[in-house]
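Welcome! Let us take a walk through this structure together, one part at a time.

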Amino acid sequence: ARVHARFPRSSVGKVIPFTWAEMATQNDEPVNSDDIKLGVDIASDGGDEFVIAKADGFKCSIVHRSSGKQNANAVDVAQVILQEIDKAQDEHTKRGNTNKVRVKIDTIGVGWGVVSLLQKWEQEGKHKGKIVPINVAERAKDEGKFRNVRAELWWSGRTLMQPLEGKQSVSLDIDRQTLTQLAGPTF
């Protein structure tokens with residue numbers, strides 16, 4: 001690597017090897033489903049990002065990313081999520097799908113207030129999504145294998161992305177920064 005500037009494309013111990021994630025960005029034939037799901041990682045006005053990911057079947061993309069002062073107000077953050085719920089629910093309606101859009105939201109830290117607000121709006125009928133709070137610090141379902149929910153979720157992502165017979169069931173429509181972040185965690 002130092003002499004010829006040929007850097008390894010993957011390293012040992014990565015939960016999701018970079019080559020698998022990169023391969024998923026080139027997958028044009030994901031396994032389809034009528035359901036759309038949203039995943040939300042909430043950040044306040046610090047340096048972290050507030051991100052909304054959309055899984056349309058097994059085709060995954062980032063539909064919102066922001067950081068800084070625009071994330072300072074929990075109500076504003078909840079309204080951004082509400083807009084994405086409405087878009088996804090409209091797509092369900094066009095497909096004739098009567099299932100609610102499931103929205104999994106990181107509830108740790110600033111996320112708990114946004115989750116509470118969205119659950120309240122769900123009860124009041126302001127949206128037709130199903131809010132699912134996720135606390136990644138909780139015990140894993142398989143405690144013998146995983147330390148916490150975070151580790152279990154990352155391993156599930158690895159399983160989804162692992163190529164079988166040269167094919168993957170997942171397709172990623174993401175930028176280079178997100179691709180690098182996916183390939184970051186180690187085990």
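## Around helix α4

What covers the buried residues of α4? The cover includes α1 (18–25), β5, β6 and α5. Please keep in mind as you look around that this is a predicted model.

The residues of α4 that count as buried are Val149, Glu152, Gly157, Arg158 and Met161. With 13 residues, α4 reaches 18 Å from its first C-alpha to its last, close to the 18 Å expected at 1.5 Å a residue. At its N-terminal end sits a cap, Asn148, which has a side-chain oxygen 3.2 Å from the backbone nitrogen of Arg150.

In the loop between α4 and β6 (171–173) you will find Glu165. Glu165 is not a glycine, yet its phi is positive, about 55°. Is Glu165 buried or exposed? Glu165 counts as exposed because its relative accessibility is 83%, and the cut-off for exposed is over 50%.

## Helix α2 and its ends

Now turn to α2, which runs over residues 74–95. This helix has 22 residues and reaches 32 Å from its first C-alpha to its last, close to the 32 Å expected at 1.5 Å a residue. Asn73 caps the N-terminal end of α2, with a side-chain oxygen 2.7 Å from the backbone nitrogen of Val75. After the helix comes Gly96, which has a positive phi near 80°.

The buried residues of α2 are Val77, Ala78, Ile81, Leu82, Glu84, Ile85, Ala88, Gln89 and His92. What covers them includes the strands β1 (36–41), β2 (50–56), β3 (59–66), β4 (102–106) and β5 (130–134), along with the helix α3 (111–123).

## A closer look at Val77

Val77 is found in helix α2. Its relative accessible area is 2%, so Val77 is buried; the cut-off for buried is under 20%. Leaving out residues up to four places away in sequence, Val77 touches Ile42, Phe50, Asn71 and Val114. One of these contacts, Phe50, lies 27 residues from Val77 in sequence and 8.3 Å from it in space, C-alpha to C-alpha.

In soluble globular proteins, nonpolar side chains tend to be buried together. Here, the largest nonpolar core holds 20 residues, and the ones that touch the most other members are Val40, Ile81, Val103, Ile105 and Leu118. At least two residues of this core come from each of β1, β2, α2, β4 and α3. Which element gives the most to this core? That is α2, with six residues.

## The largest pocket

How many residues line the largest pocket? The lining is made up of 50 residues, and those nearest the centre of the pocket are Gly39, Val40, Ala53, Leu153 and Trp154. The space inside is about 2000 Å³.

Several elements share in this lining: β1, β2, β3, β4, α4 (149–161) and α5 (176–182) each supply at least two residues. The most comes from α4, with nine residues. That brings us back to the helix of the opening question, whose buried residues have a cover that includes α5.

Definitions and conventions: Residues are numbered from 1 along each chain as its sequence is written. This is a predicted model: local features need pLDDT of at least 70, side-chain atom pairs count only at pLDDT 80 or more; totals for chains, interfaces and linings use all residues. Side-chain values use heavy atoms; hydrogens and water are left out. Helices (H or I, at least four residues) and strands (E, at least two) are DSSP runs, numbered from the N terminus. The expected span of a helix is 1.5 Å times one less than its number of residues. Buried means under 20% relative accessible area, exposed over 50%, partly exposed in between (1.4 Å probe, protein chains only). Contact means heavy atoms within 4.5 Å. A polar contact is a pair of N or O atoms within 3.5 Å; within protein, one must be able to donate a hydrogen and the other to accept it, and residues adjacent in sequence count only if both atoms are side-chain atoms. A nonpolar core is a set of buried Ala, Val, Leu, Ile, Met, Phe, Trp, Tyr and Cys residues joined through side-chain atoms within 4.5 Å. On a 1 Å grid over the protein atoms alone, a cavity is a set of points where a 1.4 Å probe fits but cannot get out, and a pocket is an open set with protein on both sides within 12 Å along at least five of seven lines; lining residues have an atom within 4 Å of a point. Grid points are joined across faces, edges and corners, and a volume is the space filled by probe spheres set on the points.
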